[in-house]
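Please read the following briefing alongside the sequence and the model.

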Amino acid sequence: MQPRNMSMSGVVDLAAVKAAGEAKQKAEQARAQAAEGGGAPAPAGLVIDVDEAGFEADVLQRSAEVPVVIDFWAEWCEPCKQLSPLLERITNEYAGRVLLAKIDVDKNQMLMQQFGVQGIPAVFAVVAGQALPLFQGAAPQEQIRATFDQLIQVAEERFGITGLQGVVPEAEAGDAEEPEVPEDPVLAAAQEALDSGDLPGAVQAYRNKLADEPGNVEAKVGLAMAELLGRVQDMDARQVRKDAADRPGDVAAQLRVADLDMSGGHVEDAFSRLLDAVKGSAGEDRDAARLRLLELFEVIGGEDPRVVQARSALARALF
């Protein structure tokens, strides 16, 4: 995890980017103020919506006191609807050691471009004014926690930043906690299995839900995501890409690379590869490429403009 200087030309004042020494000093001042009774932020303040106008104050300046994790998302992004609540819950559990800044890419295109976001969901961090790419695409709970732990370690060891002090996790906030909305027990079990990395259990739970409700959108998306993660979890990415490059006509090899691309958030690359496979094959190979493309459409969701475009391209290729 190597930080790079955050340059936001045209969006923020570059003078706001903090050097490591200045960040450490400010972090120490913040800890001293907390010790004097400055008060802890409310748990809700650990998750904030950020736009281009507020980026300097909400992200760059605050990153001198606490690592700021950035969640790039959009309303139409189905994987975002899986990942974002998980990021919010884990952020709250870390009790002020990180903040979560949520950025809607549809409303903040310039920030998306400045960070070089190629697909969403995409997760970055800013520490002492420096940007760190964390991960792109869906991620299980264990990977998120491990990434947060590494981020916190980097912030403390390199910049002396230890986060906000005295924050009470939302689960312990007492009267401030709102009653939970009852969850569908089958979907809750499926999500829990997915978060814990029990992919076979998640697949079975989602299938059970679809057996009772074939049109359940959440179950369809969850099943597609769980099956995708199951296919890629034991892959040797370098070997898989080499096999596909050496054998461009091997549809099975192309399917494996498409899965890797999709799991990494490279949606257009995955769709393009599978469309090429459909156009360049026949019979069972062509059908396999077509079906895999339809499965990956479910991961993203039918309203995603990339799915709409790829679906039209698929129709042209088939007819």
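Is the link of C77 and C80 right-handed or left-handed? With 80 degrees about the S-S bond, the link of C77 and C80 is right-handed. This is a predicted model, in which local features need pLDDT of at least 70 and side-chain atom pairs count only at pLDDT 80 or more, while totals for chains, interfaces and linings use all residues. Residues are numbered from 1 along each chain as its sequence is written, and side-chain values use heavy atoms, with hydrogens and water left out.

**Disulfide**
- The structure holds one disulfide, a term that here means a pair of cysteine sulfur atoms within 2.5 Å.
- The sulfur atoms of C77 and C80, which form a disulfide, lie 2.4 Å apart.

**Helix pair**
- Helix 11 (residues 267-279) packs with helix 12 (residues 283-300) at an angle of about 160 degrees, their axes being 8 Å apart; helices are DSSP runs of H or I with at least four residues, and strands are runs of E with at least two.
- That angle makes helix 11 roughly antiparallel to helix 12, the term for angles over 145 degrees on a scale from 0 to 180.
- Residues of helix 11, including F271 and L274, meet residues of helix 12, among them L293 and F297, where contact means heavy atoms within 4.5 Å.

**Confidence**
- The protein averages a pLDDT of 80, and 80% of the residues score at least 70, pLDDT being the predictor's confidence in each residue, from 0 to 100.
- Confidence is lowest in strand 1 (residues 4-5), at a mean of 42, and highest in strand 4 (residues 99-104), at 95.

How values were computed:
Angles under 35 degrees count as roughly parallel, over 145 as roughly antiparallel, 65 to 115 as roughly perpendicular and the rest as oblique.
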